[in-house]
Amino acid sequence: MAASPFTSRSPSMTVASPNTLRLRASAAQNGVVGATQASSTPTLNAGQELTEQLNADVRQRYVKDKKLGEGTYAVVYLGHLREDPSSFVAIKKIKVNAEYKDGLTMDAIREVKYLQELSHPNVIALHDVFSSKDQNLNLVLEFLPRGDLEMLIKDGDIQYGAADIKAWMGMLIRGVWFCHENFVLHRDIKPNNLLIASDGEVKLADFGLARSFADPYLNMTHQVITRWYRPPELLYGARQYSGAVDVWSMGMVFAELLLRVPFVAGNTDLDQISKISDAFGTPAEENWPGVTQLPNYIPTDPAHAVPLQGRDFFLRQFPTAGPVGADLLMSMCALDPRKRTTAYQALCHNWWTMDPQPTRNEDLPRKMGTKKMGDDLSRRGGDDDGPFKNAARQLDFGAMK
Amino acid sequence: MASKDDLDHRDEDEVCPVCKSSRYLNPNMRFLINPECYHKMCESCVDRIFSSGPSNCPVAGCRKTLRKNKFRAQTFEDIGVEREVDIRRRVMHILNRREEEFDSKRAYDDFLEQREEMIANLVSRIDVAKTEAQLQKYASENMQSIRTNQALEEQEASSFQARMTQEQEEARLRRQLAREQLENERREIQASREDMLNRLAAGSSADAAAIAREGHKVLLKKSSARRSEEDRIRQKQAALRSEMKRGAGAGELAGPSDSGLIKGLRKIKTPEPEKPYDPFMGYVPEKRDYYTLQSSYPSTYLDRIRNDTRMAAGGYDLKEYYSRTMLEAFAGLGCFIGEEVSRRDAGAEVKPAATAGAAMAAGGE
């Protein structure tokens, strides 16, 4: 079997459920040993060899280059297709975790499970999965060379305006909307996880905490989402929640893009609740019916209660967004998750049609310097409208009039 | 002027090829040419032959019919150059595409080359009929664009002229202002000095020093006031100037004209009507092919949730459950794996073994 039956687009799952594995085994056997008409139920031994063969095929297709970075549970390498050195991928090698001796870590399973189903310009693409020696799981992901939104927010040398923020937020909300439309919660939206492709497109990455939602009677954990971006219902320990948690996170990202500092940055979960209360108003039965029944609800001293902030507050706090943008932000930051806008409603907001128009991807501000090199490398052969376009423009005499 | 003198001196014994009278006999003799045949003759010959209407060229062997109103003075001594310049002017007048109308520098260069080729053809009389026909056809097809480009050219020329005169005028005003200032200053200094002297003459000797000091101070104050006034005027002028410049810039930005079809690669007329921003980028939201979602479905299994305020407070919404259940129930309808597999195999050229395997896998499901 020289060629794998899977196109490079669809993630071929070599670490798959036993059922698929059996099917593939029988299928391949029929193909390869078809003439001999072997027994219809393949032996375990043959099956194993076959999966190893399939896995090796996928693994052979990619070449690992240098290490790009290392996290707590994975190492990311830069890689490329063996037959096409100009097509770069990021290979995320999941570390073997001591806690999960018997199998894979939850994060890896979640990432594979949801990423293979989601295909959208604003969601990172999962090309392939294979296992290397010692049963290490490797995810072949889209290579996104231009860093993340956090880098842009923190870099004081980069200046951006309302139009750029609108473009970024549009891409972010689109990606999240697509996840929600397919009933996947991301549950870890923060600028750090919003990677930027070489064409400027913002992509939702790190689905290590993602899960499907809307199952009745099925509790979900409230210990998700980085604290600064965690919505009040999770801080109050809600076990049933909805896409509204991601919308809150997006609201926080929006505010951070506008202010260039995290908007409500608590040191502890309690501190986070008090900061949210100070900023947006104290959650109470009047503005959030049923909040007192949430498991970890802490009653506030009525003397220190802050009334729910109105439109004026957002207008004053976020003048860059303009009145309509402040409205959108306000609707994304509603304390009561039922009153919070959904990703779909956010995309229907009339802020998108207002002036200024969102910046086009190629004109978005970008981080210069070290990342630029990877940027150039990521250009595919014959891909004219990449970042290289700018370099060539200097030699364009036609433009110098 | 000097060149004309040169010409006159050199052509002391120049002779009109038609009437054979020479400059020696007629020092005021002027030669004229007609762009039909470029044969030169003296003014009196032109008057004599063509005053009564069009006639044939008097030069032997030339049968061109000439009219008097086309006769003009010669600009270049070499008649070949004169003719080429005429041809060039005419062709450039018609083929007046501008660089910004082309897709690339290359296309524009090709156009320039093509134009030069046509000019060269006409000058050296190669394929004249064909080239003329091409020109005529182009001119009639691209009337609109030719006219707009001409207008643009004129506008540019005139705006350049205007800018030049404006700059000159500004320089003149600046000089005048400086001169006036100098004059004023001088006069004021003199006036205050006289005033001081008068007062000194009138007052006692004790406050002489005080008066002198005061006079000096007044002078300083006046000059500083004048300076701020000048600054104000200068700023006003600068603002006015930049405004005018901006106006001129906007004028130049008139869009290029429509396309024609004879020459080279032409930029297809796409003014790019900036598409309105689509927040969904082409994705159809809430696309449901096989069902419509109800706002509520009766189910005893879910009744407990309907009344659970705690779940509601956390943001849990049964509608999402309905939506998801319905989506999953109908997901995959209208997807035909067999078709997709064959389409994929056609594209990817997978080996038959794999095809069979994939088909088996699909069928075994």
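What we have before us is a predicted model. For chain A as a whole, the average pLDDT is 80, and 78% of the residues score at least 70.

I turn now to the annotated positions. An unreviewed UniProt entry gives a "binding site" annotation that covers A:Leu68, A:Gly69, A:Glu70, A:Gly71, A:Thr72, A:Tyr73, A:Ala74, A:Val75, A:Val76, A:Lys92 and A:Lys93. These residues span 26 positions in sequence, yet no two of their C-alpha atoms are more than 14.2 Å apart, so they gather at one spot.

A:Gly69 belongs to strand β1, residues 62-70 of chain A. Is A:Gly69 buried or exposed? A:Gly69 has 11 other C-beta atoms within 10 Å, and because the cut-off for an exposed residue is 12 or fewer, it is classed as exposed. A:Thr72 sits in the loop between β1 and β2, the latter being residues 74-81 of chain A. With 7 C-beta neighbours inside 10 Å, A:Thr72 is likewise counted as exposed.

Next, the position listed as "active site". The unreviewed UniProt entry lists A:Asp188 under that heading. Where in chain A is A:Asp188 found? It is in the loop between β6, residues 184-185, and β7, residues 194-196. A:Asp188 has 21 C-beta neighbours inside 10 Å, and because 20 or more are required for a buried residue, it counts as buried. Leaving aside residues up to four places away in sequence, A:Asp188 touches A:Asn193, A:Asp206, A:Gly208, A:Leu209, A:Val224, A:Ile225 and A:Thr226.

Finally, I come to helix α5 of chain A, which comprises residues 162-181. This helix has 20 residues and reaches 27 Å from its first C-alpha to its last, close to the 28 Å expected at 1.5 Å a residue. How many residues of α5(A) are buried? The number is 17 of its 20, and the helix is therefore described as mostly covered. Just after α5(A), A:Phe183 adopts a positive phi of about 60 degrees.

Technical notes: Residues numbered from 1 in each chain as written. Chains lettered and ligands numbered in written order. Predicted model: local features only at pLDDT ≥ 70, side-chain atom pairs only at ≥ 80, totals over all residues. UniProt positions renumbered as here; feature names shortened; annotations may be inferred. Helix = DSSP H or I, 4+ residues; strand = E, 2+ residues; numbered from the N terminus. Contact = placed C-beta atoms within 7 Å. Expected span 1.5 Å × (residues − 1). pLDDT = per-residue confidence, 0-100.
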